[in-house]
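Dear colleague,

Please find below a structure that I am passing on to you. My findings are set out after it.

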Amino acid sequence: MLRLNDIVDRVQSIRPTANIEIIHKAYVFTAKVHHGQLRESGEPYLIHPINVSFILADWNLDEETIVTGLLHDTVEDTVATIEEIRELFGDTVGQLVDGVTKISRVVISDVADHKAESLRKMILAMGKDIRVILVKLADRIHNMRTLDHLSPDRQSAIALETQEIYAPIASRLGMSRVKMELEDKCFEILHPDKYRELARAADERNRGQEEHIRKVTSLLETKLREAGVDAAITGRSKNISGIFNKMIRQEIEFEHIYDLIGFRIIAKTIRECYEALGIVHNLWRPVPGRFKDYIAMPKANFYQSLHTTVFGPDGEMMEIQIRTEEMHGLAEYGVAAHWRYKEGRQETDKGDQMFVWLRQILDLQKEMKDPREFLDTVKVELFPEEVYVFTPRGDVKELPRGATPIDFAYAIHTEVGNQCVGAKVNGKMVPLRASLKNGDVVEIITNSSHKPSRDWLKIAKTRKALNRIRAFIRQEQQEHSLTLGRQILERELRKYSLAIMKTQKSKEFAEILQENGFKSADDYCIALGYGKVSLVPLIRRLIPPEQLQEKGKESRLEALFKRVTARKPSAVIVKGVDDIFIRLANCCHPVPGDPIVGFITRGRGVTIHARDCPKALETDPARAIEVAWEAGTKAAHPVKLKVICADKPGLLADISRTITASDVDIRRAMVMTTRDKRAICSFDVAVNDAKHLAALIKSIEKVKNVYSVERGKGRDKPV
C-alpha cells in the first residue's frame, strides 16, 4: 500500500529542493475531508488520491500538479470548496482542482451527448492548463486498475469511455505508456476471452524468443561499441490490444504477426541515432517501405524516433526504434515530460509547436454548437494517423492518413479549397480523390469561378475541409430556397391580388413569423422554399373565408401537401405535423432508442436518420425537423450486421444460433472468406429497439473466434 512517504521520496529523488511542505499540507487536508469515506472495495477512499498523486510524481511533474492529485476529488465528493482550496494552496492549485471538478461534473442523460460534452470540457481545460488533463489521466489510470469491485455493466461503461476518450487523448499527448496501459485494461474488460487467448499466445511466443532477443541485443551492443556509439538497447513485446488491432487492421491471424518483438536503441545524440541506423541496415536487410524518419519530421504529439523493420536472424522480421534519451522520455510520457523540460510556466505557451494542434481544435469548437458534431470533429482532427506533405515552397502540412488534395487545399486557405479545380502531386496531375502519402509535394490548381461540389463531401477527410464545403453548399441552398420561397409566396399572393411587399408588412404576416419562430421575412421564405412550412395558414389569415370558397379549386401547393400526407402511421412522430409520409434511412438503419433526426425532402415527406449518421451530418441543417420515436413501438426494424470472425467449420452455425436465441429473425445471410482464413459475415436481421440490438451484438461478440461486430449500411426504403 502506498504512503505519503513514497510520494515525497519520489519527488525528492528528482528535485531535492522541491516544496515538500505543501504536499504534506495537501495530504492532511485530503485525509481530513475524506475521513470515513470508502471505495467500492471497502478500502478507505484516501487510497485513491494517494495513488493518483504518486502516478503524477512518477511522471516527474511539479508540486502543484502532485498537490492537485491529492485534492482532485475534494470539491466533488466532500464539503470542501474551491475558495477554501485557493486560500490554503494558492490560485494555481485552485484553478487546477476547479478544472478537474468541472470535467467530472458533466451529467447528461444522452450517452453520446455526455461523451461529447466531456470531451469539449477537456479540450477547453487543456487550453487553460494542460496539467488538468494530466491529473484526469492519472485519475483514470488508477480507476482502471481497481475496477474489480464494480458491476460488470459499470466496468464495461467505464472501459468504453476510456477507450473512446481517455486512451486517444493520452495518444495525442504523446503518452504512449499511458495509452498502452489504458488500451490493454479496456481490451481485457470489453473482450476478456480474446484478451486471455492473445495474452497466453504472446507469452508462449515470447518465452520461445528469449535466446533470440539475447543474441540480437548482444550483436547490436558489440557493433555499436565498435563504431564508438554509446547507446542502451532493450527488447520489448507489443501490448495485447496493439496485437489485436493489428490483426483486425491487416486481417491476419496471430501466427502471421512477425514483428511481435521490437528493439529500442537509446543513443546520446541525434548524430549517433543516424549512425546506429546505418549499422542496423548494414547488419540486416531492411524491409522496403517500412522506414520512417520521425526525427526529421516529428509527429504532431512531438514524438521523435527512427523506425525501421529489418529481416533479422533466420529471416524473421523485427522492428527497431532509434532515439535519444530526451526523445525516449517524450515518447513514454509525452506532454508530461515536455512540461518537465519547460518547468516553471503557468500556462500553455502559445508559441510552443507542441500545442499547435490544441489551438486548432479550440478554434474549431468555437464554430460548433452541437456537441455531437464536436465529438465527430475531434475524432478526426485530434486522433489522426498523420501524413506529412509539402507545398511547392517546402512548407509542411500535417494531414490525417487518407487525406486528399482537397484537404490539402483547405489546409492552405478556405478560398484555395473553394476554388480548387485540380492538383499536381510530385509534378504529376492526380485525381482530387487521390490519397496523399508522406513526403508528397502538392500543388493546387485554382479557378476563381469554380465552386465546391457536393461530391467533395465523400472525398474530404479533415473536419476543416468538410465544414467549409458544407458551409458553402448550405449558403447556396439557402440562397436558392430564398429565391424559390419568394417566388412561391409572390405567385400565391398574386391569385388574390395581394402585393408581396405590403403582405410582409402586415400584422397577419408578423403573427405568422412570431408563431413559427422566424426573425425575418427572408427566414420565412427560406423555410417555404425548403418545404418546411405551408402557405395555407398565412392565406387563411389574409383572405376572408367566403373569398377562399369562391376559388373552389385547391392550389397546387395544397395538392402537393395532400400528396405527401395521409400516409399510414409510423413509429416516428414528427413535431407539429400529423400523418406525414416518413421513411427510415437504410444507410444507418435507425431503430427505436437510437437518437434520430428528420430531414424534409421536397415532395417526399421526411427521412429519418440516426443522429450520428455520416449522411445526416452531410445534410443541410436548415432542412432538419424535430422527430421522436413513438412510445410503445413494438414493430421489428431491419438492421444489417457485419461480423468478422475466423473461417472455421461450424462458426457460422454458432453465430446463427446466437442470433435466433436472442429472439431475432435472420432475413438474409451472406459469407465471404479471405485468404488469411477469415470470414466476413453479413446478416440482415430484425430487432425491436436499440437495447435489443446492443444485447444481440454483445451476445455475438462472446462467440469464440468472433473478432468484431458492427452495424452495416444499405439503401433507403420507405416504411
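**Basis of the values**

This is a predicted model, in which local features need pLDDT of at least 70 and side-chain atom pairs count only at pLDDT 80 or more, whereas totals for chains, interfaces and linings use all residues. Residues are numbered from 1 along each chain as its sequence is written, and side-chain values use heavy atoms, with hydrogens and water left out.

**The chain overall**

The secondary structure comes to 31 helices and 22 strands; helices (H or I, at least four residues) and strands (E, at least two) are DSSP runs, numbered from the N terminus. Of the 719 residues, 48% count as buried. Here buried means under 20% relative accessible area, exposed means over 50%, and partly exposed lies in between (1.4 Å probe, protein chains only). Contact means heavy atoms within 4.5 Å. Among contacts between residues at least 6 apart in sequence, 67% join residues at least 24 apart.

**Cysteines**

A disulfide is defined as a pair of cysteine sulfur atoms within 2.5 Å, and by this rule the count is zero. For Cys681, the closest cysteine sulfur belongs to Cys645 and lies 3.9 Å from its own, which is too far for a bond. Cys681 is buried, at a relative accessible area of 1%. Cys273 is buried too, at 0%.

**Helix pairs**

Two packed helices are described by the angle between their axes and the distance between the axes. The axes are lines fitted to C-alpha atoms, for helices over the stretch in contact, and angles run from 0 to 180 degrees between N-to-C directions. Angles under 35 degrees count as roughly parallel, over 145 as roughly antiparallel, 65 to 115 as roughly perpendicular and the rest as oblique. A crossing is left-handed if the near helix is turned anticlockwise from the far one by less than a right angle, and right-handed if clockwise. For residue classes, Ala, Val, Leu, Ile, Met, Phe, Trp, Tyr, Cys and Pro count as nonpolar, Asp, Glu, Lys and Arg as charged, and the others, Gly among them, as polar.

1. Helices α1 (residues 4-14) and α2 (residues 20-33) pack at about 160 degrees, their axes being 11 Å apart. The angle makes α1 roughly antiparallel to α2, and the crossing of α1 and α2 is right-handed. On the α1 side the contact is made by Leu4, Ile7, Val8, Val11 and Gln12, and on the α2 side by Ile20, Ile23, His24 and Tyr27. The contact of α1 with α2 has seven nonpolar, two polar and no charged residues.

2. Helices α30 (residues 651-661) and α31 (residues 690-701) pack at about 150 degrees, with 9 Å between their axes. They are therefore roughly antiparallel to each other, and the crossing of α30 and α31 is right-handed. Ile655, Thr658 and Ile659 of α30 meet Leu696, Ser699 and Ile700 of α31. By class, the contact of α30 with α31 divides into four nonpolar, two polar and no charged residues.

3. Helices α22 (residues 463-494) and α25 (residues 521-530) pack at about 90 degrees, with their axes 6 Å apart. This pair is therefore roughly perpendicular. Residues of α22 in the contact include Arg474, Gln477, Leu482 and Arg486, and those of α25 include Asp522, Cys525 and Tyr530. The contact of α22 with α25 has eight nonpolar, five polar and three charged residues.

**Individual residues**

Val664 lies in the loop between α30 and β19 (665-673) and is buried, at 2% relative accessibility. Leaving aside neighbours within four places in sequence, Val664 is in contact with Ile659, Val685, Ala686, Val687, His692 and Leu696. Its C-alpha atom is separated by 9.1 Å from that of Ala636, 28 residues apart along the chain.

Asp139, in helix α9 (residues 131-145), also counts as buried, at 8% relative accessibility. Apart from neighbours within four places in sequence, Asp139 is in contact with His48, Val52 and His72.

Glu443, in strand β11 (residues 442-446), is partly exposed, at 39% relative accessibility. Not counting residues up to four places away in sequence, Glu443 touches Pro392, Gly422, Ala423 and Lys424. Glu443 and Phe408 are 35 residues apart in sequence, and their C-alpha atoms are 9.1 Å apart in space.

With kind regards
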